[in-house]
Amino acid sequence: MSSSLAVDRHPETRPPEQRTRRQVSTLPLVAPSVIALLLWMIVPLAMTIGFSFQRYNLLNPDAREFIGLGNFTFILSDPGFWISIGITIILVVSVLVITIGLGTLLAILFDQEFPGQGIARVLAISPFFVMPTVSALIWKNMLMHPVNGLIAQITRGLGLGAIDWFANLPLLAIIIIVSWEWLPFALLILLTAIQSLDHEQIEAARMDGAKPIALFRFVMLPHLSRAIAVVAMIETIFFLTIFAEIFVTTGGGPGLATTNLAYYIFLKALLEFDVGGASAGGLIAVILANIVAIFLMRSVARNLDT
Amino acid sequence: MSTVTLRNIHKQYTDVEIIKGIDLDINDREFVVFVGPSGCGKSTLLRMIAGLEDISSGDLLIDGERVNDVPPDKRGLAMVFQTYALYPHMTVAENMAFSLRLAGVPKQQRLERARDVARILQLEPLLNRKPKELSGGQRQRVAIGRALVRNPKVFLFDEPLSNLDAALRVQMRLELASLHDSLQTTMIYVTHDQVEAMTLADKIVVLQGGVVEQVGSPLELYHQPRNLFVAGFIGSPKMNFLTVTVSAVNDSGTTVQLPGDASVTIPVKPSSLSVGDRATLGIRPEHLRLDPNQPTLTGEVLVVERLGGETFLYVRIAGGDTLIVQTDGDNPSRTHDRAFVHINGDFCHLFDQNGESIAKTRRHHLMNETHEQPYQNRVSYQAE
Ligand SMILES: Nc1ncnc2c1ncn2[C@@H]1O[C@H](COP(=O)(O)OP(=O)(O)OP(=O)(O)O)[C@@H](O)[C@H]1O
Ligand SMILES: [Mg+2]
């Protein structure tokens, strides 16, 4: 009431809505950030596209020349490229399955009341705050090391001998490490989603005779489906570019056993010094990522509708 | 046959006792309403009957069998929740048929059953909609339908109408009454709405702080409240209370001294009260009259609330107490007028120092058949 009085007393101070809308252009105000963003994106992309049509090897920079689609045909006919795509898919899918599966399970567990709940939640979420390089190093040197690693010591203590993870099961080792890093993320989102489930719905289902499994299947899972779709989308985008964990542990090996697309491009560019080939690979990766992203966006958007 | 019996039921949360020993018999086909102030344990008690909360101690019997350890779905009860608690990703038909689906009834059969129930509740055109495409009243009806599908022995309702607007609430109340009439099942209903309690109940259970204050038919609670709490809780607006001093005790009544010299004789049986004791006199706003010729008390009108058909006057009397007086809609009183209030001793209630009501010499005439035939009572009451 007091504000309306104030406005009446000073009508001239009323904000001139018309003017702000029509006459003051906002373009000069947003232009700097738009331009910076464009430069930031367009310049590297243009350069990459430019390089991808050239023969350009840093070992022999003088022999730079336009070769059309040569780099693309070379990469697409390189068996290593297809292997790396296969490994990328295996990596993404298996980590998604593990993080979402375990994440859902843990979210339901952490939703229950138990003593020390607060601390347990913080602990469960903390791996997410460890940077990938560091967590990969920890796993490599403290957990999975065939001599000093905790896992090896335990299995040896049980008389089972030790596994040399990075030599014998390299891809599985990477999957475990990445899952460990991303499980907290899935857990966090799914836990908040599960906490938003109306408790009376669960009770209604119990009255209807739902046992825990039916309860999960018919009430919780449908409620979580949105959150799961969002987690899947965000994680996929990050998993397509996993790099640090591979770089720190296996270096893409043995052979090409843990070389994903990102690492393949890195190998091309920095170990073979083939800028042209690496750019072509990068563009292929961008196109693939966009295709995946479009599919994911579609499915998530549809999910958010219903 | 479906009776529910509570024997010394307790509920303890880690360190607080919420339900402090409740004994209650609910007869077959009875409509029982739990009322009480917020936080008194109505929902907790209902949920213990449903099996959603453990019973800390005491026995819960359904049809004479102890069911303390029987899971909720095996007790033969169905519950309607305040927030409806429909499954948002299922259609109306699937919502209603969910319990049958869990029980392994074939699809054809369970959808048929859902359709039958939908017919009773006029939900047929909505069977393929999702809950979010329904109005509040329709959702509530689906929730009732979901309970109906299971053919329960006892229906439990936890404030089922409190999320509806006033008009819809009246309509749903009537529908519930006729549903009870046609199904003839036992129903237990939690509310803090007076009107719902008075109109729907065969038997009202007034709870406070985890104990039963009084159990009785709506009119019994209205005419013979057992203590100050029930007297103040039942009836709207609230009963007026005045502190009085006993000046004479006879077989036919007790005379008390009101603030400001006037005295009133109340037809109650002789009791622990003796001359000189302090007591509390209670009289409902609808039983006070404005009468300049025989004023018992005089005071100043502080507020006039006109509802159209009736008018409530808030009158401050000598000694500072405020009385609420209900008069008809045409009453010309205005703020700051002088009001002459007549108190008829026949309508008064008298409470001793402990707040316990003192028995009247006569029962109210509508109450004589109450105990023998509780179901008849509702009919006669509604016809009134
Ligand atoms: N899980 C719990 N732990 C401890 N105390 C609880 C718990 N659940 C309920 N209570 C307490 O039990 C008391 C009764 O709760 P209840 O929900 O039965 O009240 P109510 O009579 O239904 O009230 P309302 O009319 O507001 O719904 C409240 O004081 C509440 O604080
Ligand atoms: Mg409640």
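Colleague: By class, which residues does the shell around ligand 1 have: how many nonpolar, polar and charged?

Modeller: This is a predicted model, so read the counts as computed from it. The residues around ligand 1 include Tyr13(B), Ile18(B) and Cys40(B), and these count as nonpolar. Lys42(B) and Glu159(B) are also among the residues around ligand 1, and Lys and Glu count as charged. By class, the shell has three nonpolar, six polar and two charged residues.

Colleague: Which helix gives the most to the shell around ligand 1?

Modeller: Lys42(B), Ser43(B) and Thr44(B) are among the residues around the ligand. The helix that gives the most spans residues 42–50 of chain B and supplies three residues. That is helix H1 of chain B.

Colleague: What is the distance from an oxygen atom of ligand 1 to an N or O atom in the side chain of Ser43(B)?

Modeller: Polar contacts are counted within 3.5 Å. Gly39(B) has a backbone N or O atom 2.8 Å from a ligand oxygen. The side chain of Ser38(B) places an N or O atom 2.5 Å from an oxygen of ligand 1. For the side chain of Ser43(B), the distance is 2.5 Å.

Colleague: How much of the accessible area of ligand 1 does the protein cover?

Modeller: Take ligand 1 on its own as the reference: its accessible area is 640 Å².

Colleague: Now the protein contact. What area do chain A and chain B bury between them?

Modeller: Chain A puts 18 residues into the contact, and chain B puts in 26 residues. Carbon and sulfur atoms carry 57% of the buried area. The total is about 1800 Å².

Colleague: Which residues in chain A lose the most area to chain B?

Modeller: Three residues stand out on that side. Together they make up 40% of what the chain A side buries. They are Met207(A), Asp208(A) and Phe218(A).

Colleague: Which side chains meet in a salt bridge at 3.4 Å, N to O?

Modeller: The count between chain A and chain B is two salt bridges. The cut-off for a salt bridge is 4 Å. The pair at 3.4 Å, N to O, is Asp73(B) and Lys211(A).

Colleague: Which element provides the largest share of the side of chain A that touches chain B?

Modeller: Nine residue pairs are in polar contact across this interface. On the chain A side, the elements giving two or more residues are helix H11 (199–207) and helix H12 (212–239). By class, that side has eight nonpolar, three polar and seven charged residues. The largest share, seven residues, comes from H11(A).

Conventions: Residues numbered from 1 in each chain as written. Chains lettered and ligands numbered in written order. Predicted model: local features only at pLDDT ≥ 70, side-chain atom pairs only at ≥ 80, totals over all residues. Heavy atoms only, no water. Contact = heavy atoms within 4.5 Å. Buried area = accessible area lost by both parts, 1.4 Å probe. Polar contact = N/O pair within 3.5 Å; in protein donor to acceptor, adjacent residues only side chain to side chain. Helix = DSSP H or I, 4+ residues; strand = E, 2+ residues; numbered from the N terminus. Near = heavy atom within 4 Å. Areas by Shrake-Rupley, 256 points an atom, 1.4 Å probe, with all protein chains shown as cover.
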